[in-house]
Amino acid sequence: MLDRRVVKEFLDGELREAEIPKALSSEAILETFCEYVEDDYYEWLKDNFKSFFNHGNPDWRWIEKRIEQHSKQ
């Protein structure tokens, strides 16, 4: 779940120059954008899960190497 406050601040900055139609409330834009991003984020997570865990056949040595690399950072 996205932090709506953070996303609102982001949208306020990015849309500063935009002419938003009066019929669209900022709350509706915020919520719809958040839902859009969350849907996409979930699909992104699923795709990366498949890649990372080799479509259900994990290469544990590769994962161990990734963990080692990450722990050195």
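How many residues apart do K46 and E43 lie in helix α2? The two are three residues apart, about one turn of the helix. Their side chains meet in a salt bridge, with 3.2 Å from N to O. A salt bridge is defined here as a side-chain nitrogen of Lys or Arg within 4 Å of a carboxyl oxygen of Asp or Glu. K46 counts as partly exposed because its relative accessible area is 33%. E43 is also placed in the partly exposed class, at 39% relative accessibility. The class boundaries are under 20% relative accessible area for buried and over 50% for exposed, with partly exposed in between (1.4 Å probe, protein chains only).

The model is predicted; local features need pLDDT of at least 70, side-chain atom pairs count only at pLDDT 80 or more, and totals for chains, interfaces and linings use all residues. Residues are numbered from 1 along each chain as its sequence is written, and side-chain values use heavy atoms, with hydrogens and water left out.

The protein chain contains three helices and zero strands. Its pattern along the sequence is α-α-α. Helices (H or I, at least four residues) and strands (E, at least two) are DSSP runs, numbered from the N terminus. Helix α1 covers residues 4-14, and helix α2 covers residues 26-52. Helix α3 covers residues 60-72.

The overall dimensions come next. The C-alpha trace spans about 55 × 25 × 20 Å along its principal axes. The radius of gyration of the protein chain is 19 Å, whereas a compact globule of 73 residues would have one near 11 Å. This radius is taken over C-alpha atoms, and the globule rule is 2.2 Å times the number of residues to the power 0.38. Of the 73 residues, 10% are buried. The accessible surface of the protein chain comes to about 6900 Å², and carbon and sulfur atoms supply 55% of it. Accessible areas come from the Shrake-Rupley method with a 1.4 Å probe; for residues, only the protein chains shown count as cover.

Charge was examined across the whole chain. There are 11 positive and 17 negative side chains. The centres of the two sets lie 7 Å apart. Lys and Arg count as positive and Asp and Glu as negative, while His and the chain ends are not counted. The place of a charge is taken as NZ of Lys, CZ of Arg, CG of Asp or CD of Glu. Side chains of opposite charge can pair when their charged atoms come close.

The count of salt bridges comes to six. One of them joins the side chains of R4 and E31, at 2.8 Å from N to O. This pair links distant parts of the chain: R4 sits in helix α1 and E31 in helix α2, 27 residues apart. E31 is partly exposed because its relative accessible area is 32%. Another salt bridge joins the side chains of D3 and R5, at 4.0 Å from N to O. D3 has 40% relative accessibility, so D3 counts as partly exposed. R5 has a relative accessible area of 52%, so R5 is exposed. D3, R5 and E9 are linked in a network of salt bridges.

L11 and E31 are 20 residues apart along the chain, and their C-alpha atoms are separated by 11 Å. L11 belongs to helix α1 and counts as buried because its relative accessibility is 10%. E31 and Q69 are 38 residues apart along the chain, with 38 Å between their C-alpha atoms.

A nonpolar patch on the surface is formed by F10, F33 and Y36. Together these residues have about 340 Å² of accessible area. Patches are made of residues with over 30% relative accessible area and no salt bridge; like charges are joined within 9 Å, and nonpolar side chains (Val, Leu, Ile, Met, Phe, Trp, Tyr) within 5 Å. F33 lies in helix α2. F33 counts as partly exposed because its relative accessibility is 30%.

Backbone geometry was examined in the loop between α2 and α3. Most residues other than glycine have a negative phi. N54 lies in this loop and has a positive phi, near 50°. N54 is partly exposed because its relative accessible area is 39%. H55 lies in the loop between α2 and α3. H55 is not a glycine, yet its phi is positive, at about 50°. H55 has 63% relative accessibility, so H55 counts as exposed.
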